[in-house]
Amino acid sequence: MKKLNLSALLLTLLVAACGGSSGTGLDDVPESEGVIQVPLITTGTSGQTFRLVGATFDITGPKNHTITDTSADTVAVQLPAGGYTIQLQGEWHIERVGAPGQSIPATLISPNPLSFTVAEGEARTVRFLFKTPAEGTTDVGFSVDTGGWLAGTLDFTGSPIPPSSELYELTGKTVPFAISFESAQVRQGNDSSFGSHLMVTTSPVSVQFGGAYSAVLNERVARTLSAHELNFLVVSGGPEGGLRVRNLAIRTFNGAPLELSMAESANFPGYTDAVGLPLLGIYQVEGLVTLRSHFGPQIVGTLRATLSPK
């Protein structure tokens, strides 16, 4: 069994809905409102300190707001409770404190804009996820996540579903998403069904959705699926060549059960070793996906995403 690591970067937006003091100095926040805190500086596990530079943030929802002054270590904005999106804008880059102008290569993985909620009396955390190349064995970033991701779009435009279903509001929509995880365990398998293949089980995932705020996606799907494992197989593409993903799924069984699954992807470019075992890489995956609630009909769509299992 092999544990795979990837250096990634997490910029954390702390959404703190406050009844009393939030620790931000905004002690007189009304009960119907909250505070979004955006930390722009952090210290990595290596002891180095880093800053997000040149960013602006457009917040859209019950109250619109644009954050343009990012000179402080943390910026805070008071907002009414409700559903919002936040978009990272500007010519941003990440650099070490003490070495201004020397940027660190980073790629944004999360949907942008990213949707979130401010709830009365409840603290929320929203993360913009960046990938940054590893620097030897040194972890860098606002906080370090040694894992992978599945990020792209879910297209439900051709998926009729009864109006009584809790998933009905997804009909006709294409939704950006990101599923991230801190680590993955990979086992080798060989059987008559799949031949030589890789079995991947991730650590508990974090699920994010972008685009316009959706109560069913943010309050039901993201909350229910987060903190559960993502499982999938990587198998040979057969006579057509390449590789494919099989049996991809996140399943929950407690409370209000929910399942996101893909039986099989289309073939994509990839390679096998001398004995036919798939080689790990970053894959471009496409296939039919099912979002199923155990209390109503399922909705079927198309998943198009980048998958990095390491």
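Which residue in β25 does Gly 287 stand opposite? Select Gly 287 and look across: the residue there is Leu 303.

Some ground rules before the next click. This is a predicted model, where local features need pLDDT of at least 70 and side-chain atom pairs count only at pLDDT 80 or more, while totals for chains, interfaces and linings use all residues. Residues are numbered from 1 along each chain as its sequence is written, and side-chain values use heavy atoms, with hydrogens and water left out.

**Stop 1: the strands around β24.** Show β24 (283-293) together with β25 (residues 298-308). These two run antiparallel and are joined by 10 bridges; strands count as paired if DSSP finds at least two bridges between them. Strands here are DSSP E runs of at least two residues, numbered from the N terminus.

**Stop 2: Tyr 84 and Phe 116.** Searching the whole structure turns up two aromatic pairs. Select Tyr 84 and Phe 116: their ring centres are 5.6 Å apart and their planes sit at 15 degrees, so this pair is stacked. (Rings of Phe, Tyr and Trp, the last by its six-membered ring, pair if their centres lie within 6.5 Å; planes under 30 degrees apart are stacked, over 60 edge-to-face, the rest tilted.) Tyr 84 belongs to strand β9 (residues 82-89) and Phe 116 to strand β13 (residues 114-118), so the pair ties together parts 32 residues apart in sequence. Tyr 84 is buried at 0% relative accessibility, and Phe 116 is buried at 3%. Buried means under 20% relative accessible area, exposed over 50%, and partly exposed in between, with a 1.4 Å probe and protein chains only.

**Stop 3: Phe 268 and Tyr 283.** Here the ring centres are 4.9 Å apart and the planes are at 35 degrees, so the pair is tilted. Phe 268 is buried at 3%, as is Tyr 283 at 2%.

**Last stop: confidence.** Colour by pLDDT, the predictor's confidence in each residue, from 0 to 100. The protein's mean is 80, and 80% of its residues reach 70 or more. Then select residues 1-9, where pLDDT stays under 50, and residues 12-26, where pLDDT also stays under 50. Where pLDDT is low, the predicted coordinates should not be read in detail.

Note on methods
Helices (H or I, at least four residues) and strands (E, at least two) are DSSP runs, numbered from the N terminus. Contact means heavy atoms within 4.5 Å.
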